[in-house]
Amino acid sequence: MANPLSANDPKLTSWVTVPTGSDFPIQNIPFGVGNTAGTKSRAFTRIGDTAIDLRVLWKVGLIPEVDGQENASYMGRMNCVLRCGRPFVRALRQRLSELLRNEAAPEVREQVAKAFVPVAELIMDLPVDVGDYTDFYSSREHATNVGKMFRDPANALLPNWLHLPVGYHGRASSIVPSGVPVRRPNGQFKPDPNAPPVFGPTRQLDFELEVAFITCPGNALGERIPVERAEEHIFGLVLFNDWSARDIQAWEYVPLGPFLGKNFGSSMSPWVVTLDALEPFRVAGPEQDPEPLPYLRTIGPHSFDIALEVALTPEEGPETTICRSNFKHMYWSMAQQLAHHTVNGCNVRCGDVMASGTISGPEPGSYGSMLELSWRGTKPLTLADGSERKFIADGDTVIMRGHAERNGVRIGFGEVRAQVLPAT
Ligand code: MN
């Protein structure tokens, strides 16, 4: 049954039905964690609208045991699997690809089919126990727009921005799976610049369109991950909505950066698309001038062509697409972010999450936050139902989607969605 074709080969077809236009053809093979009512969370892959329980495949010997997990292989979140290393995960994806190909023998198909769960019946959890969460600020367009609005239009980028991937340490505890509602935060802000601050529900609730990568295996404390090896420490990518309260953020951020305006919730898409699956979509990022310092210099393309969009659905209304952007607009690559993060010896572990920062493109329709789309509330958006938005209203659902497409193969992320609940 062994087939030498790579799991990414566009010629591969599966014996499992994949709906036309699905984000999850046989070339994807993502990883996620979920459960059905009354069962424990465990690892799955997915093809079309069918999830496949990896624990069931392991029990019949179709996939390898997770090292050190004799009776618990593929139970819980993906961290145990990731700790086996990138080569293990890569071989696992290749093996799953072989099991799902048309060439698979009838008896193999029969066994694999016993692990099927319709995606609609699966309750998705976070794919990993997030150890640490870092958020970068790597879109030049976003940083420039924010700089123009909050500081000096003539010198929008701060002096460090073109020399290093700016970032901050976020809060892992408030990262939630797609579908979990997010509550409007209370906080301190200053609606009148000439009056003292007030306390109450944020009046400027926003989303940030981001893509996050999940690390594996990481580095020891005191060592660094060189930029040319950095991608070997990236397991895969997810869509990430870094919810933000702009009024709280604007008042609190001086001088130490984001705090309560950011850490009340971030929503993550459930299926991790591996960096291996995205390999065919590798492209060059924007030209970097000035040339970065040697530890940040890379050779060859390190960006990925992933089309992204954001839609907003009012509580009773129809969906409106409000942003179309692309991951390839990021000025700093993931490899550079990871090299910079560890250059001082900071250790990164299996299952850490590193988010890109808001991904804005050059056109106004590609801005990745309401802050930019409505230009700080001065240009309200009109939705399909005729209502207007400067920021996100209670009851609104924000949905992010992303996919890459080439040679007739579409590798997608599905979506991340969350509804906003009123403040308490
Ligand atoms: Mn962010």
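## A tour of the salt bridges

Start by selecting E309, E319, R324, R401, E415 and R417: these residues are linked in a network of salt bridges. Keep in mind that you are looking at a predicted model. Across it, the count comes to 26 salt bridges.

Next, pick R246 and D206. They form a salt bridge, with the closest N and O atoms 2.8 Å apart. R246 sits in helix α6 (residues 246-252) and D206 in strand β12 (residues 205-206), so this pair ties together parts that are 40 residues apart in sequence. Buried or exposed, what is R246? R246 is buried, at 3% relative accessible area, and D206 is buried too, at 0%.

Now jump to R184 and D394, another salt bridge, where the closest N and O atoms are 2.6 Å apart. Both ends are in loops: R184 between β9 (182-183) and β10 (186-189), D394 between β24 (388-389) and β25 (397-406), so the pair ties together parts 210 residues apart in sequence.

Last stop: D125 and R77. Their salt bridge has its closest N and O atoms 2.9 Å apart. Distant parts of the chain are linked here, 48 residues apart, with D125 in the loop between β5 (123-124) and β6 (133-136) and R77 in the loop between α1 (54-59) and α2 (79-82). D125 is buried, with a relative accessible area of 17%, whereas R77 is partly exposed at 26%.

Methods: Residues are numbered from 1 along each chain as its sequence is written. This is a predicted model: local features need pLDDT of at least 70, side-chain atom pairs count only at pLDDT 80 or more; totals for chains, interfaces and linings use all residues. Side-chain values use heavy atoms; hydrogens and water are left out. A salt bridge is a side-chain nitrogen of Lys or Arg within 4 Å of a carboxyl oxygen of Asp or Glu. Helices (H or I, at least four residues) and strands (E, at least two) are DSSP runs, numbered from the N terminus. Buried means under 20% relative accessible area, exposed over 50%, partly exposed in between (1.4 Å probe, protein chains only).
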